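Morning, everyone. I'll walk you through how one part of this structure is put together. Have a look first.

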Amino acid sequence: MSRKGAAARRKPHPPAARGNAEPRPQRRAWALRLARNLVITAPIAMVLWLLVSPFLSLFVVKAAERMTRLAERPSVTRIELSKGEDALISRADTRAGGRLPYGVRVTDIHFPLVLLIAIFLATPDVSAGERFANLGYALLIIMFFFIIDLFFWVKFAYATQLGAWSAAHYGPFARNFWGLGKHVLDLPVKLALPFAMWAAFYLRELTGELFGEADR
Amino acid sequence: MAKRKRGGSRKAPAAEEPKAAPPTASDDEQPTRRRLRPEVRFLLTFIVVLGASFAFLAWKPVNDHVVEPFTGQIAKASGATLRALGQDVTRVDTMLRSPRFAVNIKNGCNGVEAMVILLAAIVAFPAPWKARLLGLVAGAVAIQLVNLVRVVALFLTGAYLPRLFDTSHTVVWQTLVILAAVLIWILWARRVTPRPVPA
């Protein structure tokens with residue numbers, strides 16, 4: 001979607017809210033309306049997430065299994081969903097001294113969906129069409145991120161969590177790479193991604209004249 | 001009120017000029033030496049500061065000598081609040097224990113992640129450094145207050161409604177703390193966005 005097209009589809013702002021003429025109290029009211037909307041959209045997002053969570057977990061687990069198997073020869077990794085929320089990682093060629101299967105809570109990986117849906121739906125002064133289109137793009141990106149995150153969890157488990165088996169199959173660089181990658185993806189990136197995507201779509205709405213038409 | 005310096009540390013004159021002239025034909029014909037879009041600039045700075053801050057905090061000496069003691073202070077404040085609420089709580093380092101329940105406050109539950117996200121967003125946003133500093137201090141205090149409520153609420157949930165603890169811990173409170181950080185940033189950004197000069 002082009003920026004021009006998106007701008008054309010936006011709800012018209014009241015005259016005082018356009019560009020440089022927007023007075024400060026009205027601009028602050030935009031933020032307050034966002035906060036008020038969040039009170040409504042956050043519980044809705046949470047209920048939605050709870051409803052789709054089992055299906056989402058299954059999708060993320062199977063997609064991450066496929067991705068892991070694409071990156072290994074022979075393809076020995078299996079990831080099973082247990083109790084609708086735990087990914088059990090195992091290998092066909094070893095039990096790594098009883099350390100496999102290794103469990104990862106998949107719901108911990110995809111819960112930022114709540115934040116993403118809540119904040120995208122709460123943004124004021126955006127038409128429904130643009131709101132859902134932007135949410136759709138953001139959902140596509142975050143789904144891909146969930147799969148990558150679980151993939152890094154699998155490699156992290158192989159490289160650092162299986163004792164002697166890990167030491168025999170992964171060198172110091174690989175252990176640090178997968179360990180750091182998992183840490184970065186699973187804490188800062190996971191928590192910041194919904195906000196970063198929201199900022200990418202709506203920073204101009206927030207900042208008004210600072211990032212105004214002159215920058216377009 | 002004195003007129004605020006527009007745009008803070010931003011150097012691009014076009015973005016600082018509130019009344020930019022409409023583009024003309026000659027503007028369109030100029031060679032395309034375009035500045036980064038503001039969103040891209042914001043996101044790049046945000047990602048760099050976020051990554052650098054987390055790398056710094058993950059460094060073992062910083063984690064052992066700064067983050068862990070800080071988490072211990074959070075446990076201390078949470079323990080005091082829980083005792084004020086009538087709970088028989090004792091604290092050992094980052095662990096809170098009562099006859100009914102025990103929690104260990106770890107990285108991810110100390111509000112530091114939310115503070116770092118706020119730091120990265122504030123640094124990435126064009127504003128005067130003084131406003132940034134004030135936003136950071138006030139935002140960090142607000143986030144820690146929300147986090148204190150989180151720890152206390154989670155402890156009480158674990159003690160009296162243990163079946164709800166996991167969902168509450170992972171989904172509800174993590175989301176609320178990050179949402180709090182985002183909202184604080186939005187309110188701050190709206191406040192520091194320069195006031196338009198009347199025509």
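At what angle do the axes of helix α5 and helix α6 of chain B cross? Roughly 160 degrees, and the axes come within 10 Å. This is a predicted model: local features need pLDDT of at least 70, side-chain atom pairs count only at pLDDT 80 or more, and totals for chains, interfaces and linings use all residues. Residues are numbered from 1 along each chain as its sequence is written, with chains lettered from A and ligands numbered from 1 in the order in which they are written.

Some terms. Helices (H or I, at least four residues) and strands (E, at least two) are DSSP runs, numbered from the N terminus. Axes are lines fitted to C-alpha atoms, for helices over the stretch in contact, with angles from 0 to 180 degrees between N-to-C directions.

Back to the pair. α5(B) covers residues 112–124 and α6(B) covers 129–160. The crossing makes α5(B) roughly antiparallel to α6(B), a term for angles over 145 degrees.

Now the sheet. Three strands of chain B form an open sheet, ordered β1-β2-β3, with antiparallel pairing. Strands pair if DSSP finds at least two bridges between them. β1 (90–92) and β3 (102–104) of chain B are at the edges with a single partner strand each, so one side of each has no neighbour in the sheet. The twist averages 15 degrees from one strand to the next.

β1(B) and β2(B), residues 95–97, are joined by 3 bridges. One detail: B:Arg91 has B:Leu96 in β2(B) as its bridge partner.

Note on methods. Parallel < 35°, antiparallel > 145°, perpendicular 65-115°, else oblique.
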